[in-house]
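Subject: Handover of a structure for your review

Dear colleague,

Please find below the structure that I am handing over to you.

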Amino acid sequence: MNDLLAIDVISRFIHVATAIVMVGGTVFMRFVLMPAAAELSQAEHDQLRQRLLARWKRVVHGGIGMFIVSGFYNFVQALPKHKGDGLYHGLIGTKILLAFAIFFIASALVGRSATFEKMRQQRAKWMGLIVLLSAVIVGISGFVKVRGTVVKVEASKTVSNF
Ligand code: HEM
């Protein structure tokens with residue numbers, strides 16, 4: 001029994017719960033709210049967008065913080081189990097890079113910097129990309145979890161240990 005078991009479970013819970021809220025919220029906004037809001041008058045639409053973004057921004061910033069803290073904790077805990085496992089490191093490295101790309105896009109979309117105004121004018125496209133990248137991330141995360149650890153048997157041969 002691992003001494004850190006409770007923290008491991010809490011960290012995993014926070015990580016998965018954050019993914020549910022952030023990815024679910026983005027899918028809802030992109031495919032349900034945005035098409036419905038497009039039917040409002042321009043003034044109503046602008047007001048709704050302003051109010052919604054003021055609230056969603058807090059969820060995005062809090063969620064990024066929770067992803068980074070719980071994600072790095074999970075990663076440090078997983079490292080000893082995956083020593084020399086190139087596929088694990090390649091996939092998790094790719095996942096972390098994609099996650100940071102998502103954090104950048106999501107922050108630009110809720111931010112007010114003039115530099116990213118062009119991105120905000122194409123909000124639907126960028127939110128679609130977030131959903132797509134999130135699907136890849138969830139796929140990679142699920143695969144490395146189900147694949148488990150790899151035990152080295154001899155120099156040229158490895159076996160998967162589910
Ligand atoms: C868009 C952001 C992210 C999403 C949607 C996401 C999603 C997920 C999901 C669904 C799991 C599977 C959990 C399980 O089966 O118990 C997972 C595991 C994990 N995530 Fe993330 N994650 C994100 C960001 C990050 C970041 C930024 C890091 C690291 C800094 C990270 C590191 C990890 C690690 C190490 C695992 C455990 C993998 C293993 O089983 O060995 N994640 N993530």
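The notes below describe what was found in this structure.

Please bear in mind throughout that this is a predicted model.

Overall architecture

The chain contains five helices and two strands. In sequence order, these elements follow the pattern α-α-α-α-α-β-β. The radius of gyration is 19 Å, well over the 15 Å that the globule rule gives for 162 residues, so the chain is more spread out than a compact globule. Along the principal axes, the C-alpha atoms fill a box of roughly 65 × 35 × 25 Å. Of the 162 residues, 10% count as buried. As for contacts between residues at least 6 apart in sequence, 70% of them join residues at least 24 apart.

Surroundings of the ligand

The ligand has 22 residues around it, of which Gly71, Asn74, Phe75, Ala99 and Ser141 come nearest. Two or more residues of this shell are supplied by each of α1 (5–37), α2 (42–78), α3 (86–110) and α5 (123–147). The most is given by α2, with seven residues.

The nonpolar core

The largest nonpolar core has five residues in all: Ala99, Ile102, Ala106, Leu109 and Ile130. Helix α3 gives the most to this core, with four residues.

Helix α5 and what follows it

Helix α5 has 25 residues and reaches 36 Å from its first C-alpha to its last, close to the 36 Å expected at 1.5 Å a residue. Gly148 follows α5 and has a positive phi, near 75°.

A closer look at Phe72

Phe72 has its place in helix α2. Is this residue buried or exposed? Phe72 counts as exposed, because it has 12 C-beta neighbours inside 10 Å, and a residue is classed as exposed at 12 or fewer. Phe72 and Ile96 are 24 residues apart in sequence, and their C-alpha atoms are 9.5 Å apart in space.

With kind regards

Notes:
Residues numbered from 1 in each chain as written. Predicted model: local features only at pLDDT ≥ 70, side-chain atom pairs only at ≥ 80, totals over all residues. Rg over C-alpha atoms; globule rule 2.2 N^0.38 Å. Buried ≥ 20, exposed ≤ 12 C-beta atoms within 10 Å, placed from the backbone. Contact = placed C-beta atoms within 7 Å. Near = placed C-beta within 6 Å. Expected span 1.5 Å × (residues − 1). Core = buried A, V, L, I, M, F, W, Y, C linked by C-beta atoms within 7 Å.
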